[in-house]
Structures are given as structure tokens and as C-alpha cells.
Amino acid sequence: MTQQMRPSLDDPRVAIPADSTWYEPAPSPQTERQAEFLTLREGEMFVNMGPQHPSTHGVLRVIIKVNGEKVVDLDPVLGYLHRGVEKLCENADYHQAICYTDPLEYVSSLFCEAAPVAAFEKLMDVDVPRRAQYIRVLTMELNRIASHTLFQGWMALDLGGITPILWAFIERDEIVDMLAALTGQKLLYNYYRIGGVNGDLNHEFMSRLGTWMSRAAAQIDSNLALINENEIFVRRTRGLGVLDAKTALKMGVTGPNLRASGVPFDLRRDRPYLVYPELEFDVPTRDEGDSLARYLVRMDEIKQSIRIIDQVLHEMPDGPVMAKLPRLLRPRPGRAFGAVEGPRGVYGTYAISDGTDQPFRMRIHDPSFVHLQLVGPLTKGNLIADTMAVMASLDPVMGGVDK
Amino acid sequence: MDRRLAALLQETFGERLLAPVRQRYDESEIRIALKDATDTLRTLHDHPALRFEMLIDLCGVDTGEEMQVVYHLSSSKSGDWLRVIVSGLDRSAPRIASATFMWPGAEWMEREAYDMFGIIFEGNRDLRRIYMPDDYRSHPLRKDFYLADDASRSPAAGVRNMERVGTPADATAATVLRKSPGV
């Protein structure tokens, strides 16, 4: 038997220049906007960033049109993480659908669960026991702090500072371990159920939470001192990517990004759910609308979350954590929209029931998807490196964007 | 939720509403025909007593009989949330006017609806696929799109897709798996 020789890479006949060797963004523009994007004027060129780039927070590819070092235009290419969660949920029953939504946004998965659970509970007219509502608020606020501290580290990392992320991970790991003690999972908790939560608070969670709460405020303040007074950080982010309130509303921006532009819109206060109306907290806003403001609003929110947790721990009643429900859930035909205020904005789920045990249509709305649209308009005219600073300040997570 | 909103909507839109205003929990819902979509959205946005200025969500729905486009709006005046269901899009060639003239942020959500359902939004400057590859030919969230491996389907559901041998995942078959919920 003759063994075929493997061709050597040095062989000039192997290295055939093919069309695929050359990078062309798209040979034939499909839309008016794409045609405009693909037209190069004098001195302009394309630079490809991603799909695997540390500052894209996941797998995102951005085609940047540059003139020298200045960004002229950019076109994000999505879909690298697309898993078809909506279709999967339509083919799963109501309990199963919740666990599909968990990995959407792996940084704050409790919010991804909370939105479909809220929609399903509306469809089924379930009353959630008060203790379960308090537990949900408690765990969601913990998750919000974990997400925001990670954002703090990421933002600094994208601007070139390595140290803050190491400090941010200390806080975040403590919260993640705490929630792991409660839910049994480190990141994809799958803790909320239709009608309550999976299990009552346990001793390990409570003791860890108590220890953490006693030093959390001081620890987070010292983390903030690491960045907030750093001249390089402040001068690079101040006045960068300014988003005014009117544009923000037109673009459908929600969450801290909207509040950094001076619009005090917060679902926890404006469209109350769970026990938020009974809790006391402020909605921090800033008027500047730049990257620094978006960062500072999130840091202020951490303090408010600690305040909420403190109240929840004092006011939590005893009682059951699950409503009595049948195993097989068949809601009446109807439509419901469940929304929660997450660390990035409004997480929504629009569910349609047709009377069977599976949702007929389940739409998942993720704020990162909307916010990523802004990267283009906000970075035009800035340097390439500022694209990352703007993107980091908008805090998108690609798992949620790509669904 | 404001109970007067129902009366106000009824009074403002009157004949245009295909069904009475529904209110449940903190949501209100109106249903309009395709031809009135743009005018209705504009009125909702500009009417001094309504001021539905925030677009929370835009999505397509395939009921198996027709396509729908559903808008979730939030009022900056009263804080109420409204669901606008535009029904009556032809399933074989769904077309509707784009909402980007009022909410530029709707652009990507419309691209997603186009990608997933094939709904053409007239006036959207960048209507191309957003998740699926450019050369992909079918629209995955349509009800006639079968999953290749449907092991996730629960035993209580009537149809087992797994048993439909020979149906490729991206075939646009004429049959629809689930009946319209009629809601």
C-alpha cells in the first residue's frame, strides 16, 4: 500500500492564492446602509476587530472603517453566540423554558430567569408567597452587585488597567460562592420557579452573607478609590461617547445607560414588581451622559443595592417559598409581558400561551442588544482605542445580545 | 395601572381598534389592522395625553395563520405600558412600515424580526440578517420550521416532530405544527 505524502507547506504549489485569502467585508451590499458603509473614500480603510477580542465581552466582530487612527463608521456583526433560545423555549414546557434562559446573560443570570418567570406567573395568575418575593429581591440585588463590580474591573481592563479586575473579582467571587451555597450552581443558578424559588435560605448562605455585609461597603469603597481618582481613567472617559437624553429615549436605551443621561427611569420604582414598593432606595442619575457618568451611575447603584439588601434582611417574613401549583402547567390562552430592571436595563419576556403546556411564542428582550446599536453612533470621530472604552461603558454581554 | 387609559384609547382610536382594549395586571393591549399601524404609532407617540415615547420592545409573532408585529411602549407621562398588536400580515409575504422613523433604536429589532420571521419592514435602511448567516435561506422562528432534533418536546404535547421523518430543518412546509392560540 502506498502511503500518500502529505504536502509540505513550503511547496509553492500548495499556497494557492484563493479569493478567501483576501478579506472583503461583503462582496455585494444588501442594503442601502451597507452600501454606504462599504464605500471607501480617500484615505479610508477597513479594520477587522474580533470575533475573539478581549474587549468585546464575548464573541463579537466589529468591522471598523478608519481614516488614519479615527473611526469613521463601524458595523457590528452578531450571531456568533446565537443559540436559538426562543425556538428552544417554544418547544419546551414552562419549567424547562426557564433553564434555557439562564445562560443568556451569564453575568447576571438571575435577571434572565426573573423576566420569564414574571411573565409566566402573569399568564397563570399565580400569587408568589411574600417570603419568596423577598428572597428574589435579595438574590437579584446580590447578582446586581456582582455584575456591577465585574463591570468596574472590565471597564478598567479595557482602558489598560490590570489591577482593578483582580480586586473586582474578590467581591464577585464572594457573591458567586454565596449564591452557589444557596442554589447549588455557581453561575447558571436556575433558582426561580413559577410561583416561588427552589429552596429556602440556608445556614451557609446566611452566614456568608452576614460576613460579607459587615465589610462590603468598606471593601467596595476601597475598590472605587482605586479607579475613581485615577487621573488617566477619568481623563480618558470624561466627555467620551456623550449620549443625550433625547437620543437615548429614541434609541430605546434603558437601565444605567439611560440614567447616566439624566432620565430617572427605573422599573423598580416606575413599574413596581415584587416587594420593591415597600423598600426605600434612591435612583441615582447623572446629567453628563458620557462614559464616566455611565460608570459612576453603576457604582452609585451598588450602594443602593447594599441598602436594599440591608432592609430585606430586616423585614423578611417567615412562611412558604413556593405557591401550590400542579406539576403540569397549562395556562389559559393569553399574552403577558414580564419585565425586570436588571444591571444593564430592562429584561423582558413576552409570552403567548395557547392552552398547552408549552409557550406558543416566547420573545426575550435583552437590553445589551439595544445598547450595542449605540457603539457606532457614539464612537464616530473618536480614536480606535476609544471604541473599546465606549463599548465597555455601555456594558453589553454578548450572550444576551446573541440569544 | 390607569383604568382611564382604556377609555382614552377607546375614544382616541375608536373604529380603528379591532378588539376592545384589554387590561390585565399592569398591561394594556390594543389590536389594530396593518393599514393603521403607522398612524396609530404616531398618534400614540405625539398625543399630549398619551405620550408613549419609549419603545421597550418590538417583535414578530407567527400565529400559524397570519403574522403579527407587537410593540411594547411605555408612556413618559403616566408610566403606563401598552402593547400594540398589529395583526393581519400575510404569512407568505409579510410587509409592514418600519418604526425607525420614530424610534431609530427599532432598527436592530426589526432586523431580528426579519431574520426570524421574514417580515419586511419598509423604510428600514439596514434590513438584512442579524443572527443567521447571510446565505441562510429560511426563517427559524416561523411555525413551519421544524427543529431537526426535537427531543426537547415534552410528552404532553400532541405532535412529536422527531417522528416526522424526512423533513429537513430548513424546509418551508405548508403545514403548521400548532394551531393559532386565538388570543
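For the residue classes used below, Ala, Val, Leu, Ile, Met, Phe, Trp, Tyr, Cys and Pro count as nonpolar, Asp, Glu, Lys and Arg as charged, and the others, Gly among them, as polar. Please keep in mind that this is a predicted model. Here are my notes, point by point.

1. Let me start with the contact between the chains. Chain A brings 62 residues to it and chain B brings 61 residues. About 5200 Å² is buried between chain A and chain B, and carbon and sulfur atoms give 53% of that area. On the chain A side, A:K87, A:R335 and A:F360 are worth a look: together they supply 15% of the area that chain A buries against chain B, more than any other three residues.

2. The most comes from α3(B), with five residues. By class, the lining of the second largest cavity has seven nonpolar, one polar and four charged residues.

3. The largest pocket is a separate item, with a volume of about 480 Å³. Its lining has 20 residues, of which A:A118, A:E121, A:K122, A:Y273 and A:L274 are the closest to the centre. In chain A, α4 (109–124), α5 (130–158) and β6 (334–341) each supply at least two residues of the lining. Sorted by class, the lining of the largest pocket divides into twelve nonpolar, two polar and six charged residues.

4. Now the sheet in chain B. Five strands form an open sheet in the order β1-β2-β5-β4-β3, with mixed pairing. Its edge strands are β1 (22–24) and β3 (52–62) of chain B, each of which pairs on one side only. On average, neighbouring strands of this sheet are turned by 20° against each other, direction ignored.

5. One pair to find on screen is B:I32 and its bridge partner B:V86 in β5(B). Helix α2 (residues 37–46) of chain B packs on the sheet and touches β2, β3, β4 (67–75) and β5 of chain B. The direction of this helix makes about 145° with that of β2(B).

6. Chain A has an open sheet of three strands in the order β1-β2-β3, with antiparallel pairing. Here the edge strands are β1 (44–49) and β3 (70–77) of chain A, each pairing on one side only. Neighbouring strands in this sheet are turned by 20° against each other on average, direction ignored.

7. Last, the hairpin in chain A. Strand β2 (residues 61–67) of chain A runs antiparallel to β3(A), and seven bridges join the two. A:K65 has A:D73 as its bridge partner in β3(A), while A:V66 stands opposite A:V71. What is the phi of A:G68 in this hairpin? The hairpin of β2(A) and β3(A) has two residues between the strands, and A:G68 takes a positive phi near 65°.

Notes
Residues numbered from 1 in each chain as written. Chains lettered and ligands numbered in written order. Predicted model: local features only at pLDDT ≥ 70, side-chain atom pairs only at ≥ 80, totals over all residues. Heavy atoms only, no water. Pairing = 2+ DSSP bridges. Helix = DSSP H or I, 4+ residues; strand = E, 2+ residues; numbered from the N terminus. Axes fitted to C-alpha atoms, helices over the stretch in contact; angles between N-to-C directions. Contact = heavy atoms within 4.5 Å. Buried area = accessible area lost by both parts, 1.4 Å probe. 1 Å grid on protein atoms, 1.4 Å probe; cavity = no way out; pocket = protein on both sides within 12 Å on 5 of 7 lines; lining within 4 Å. Points joined across faces, edges and corners; volume = space filled by probe spheres on them.
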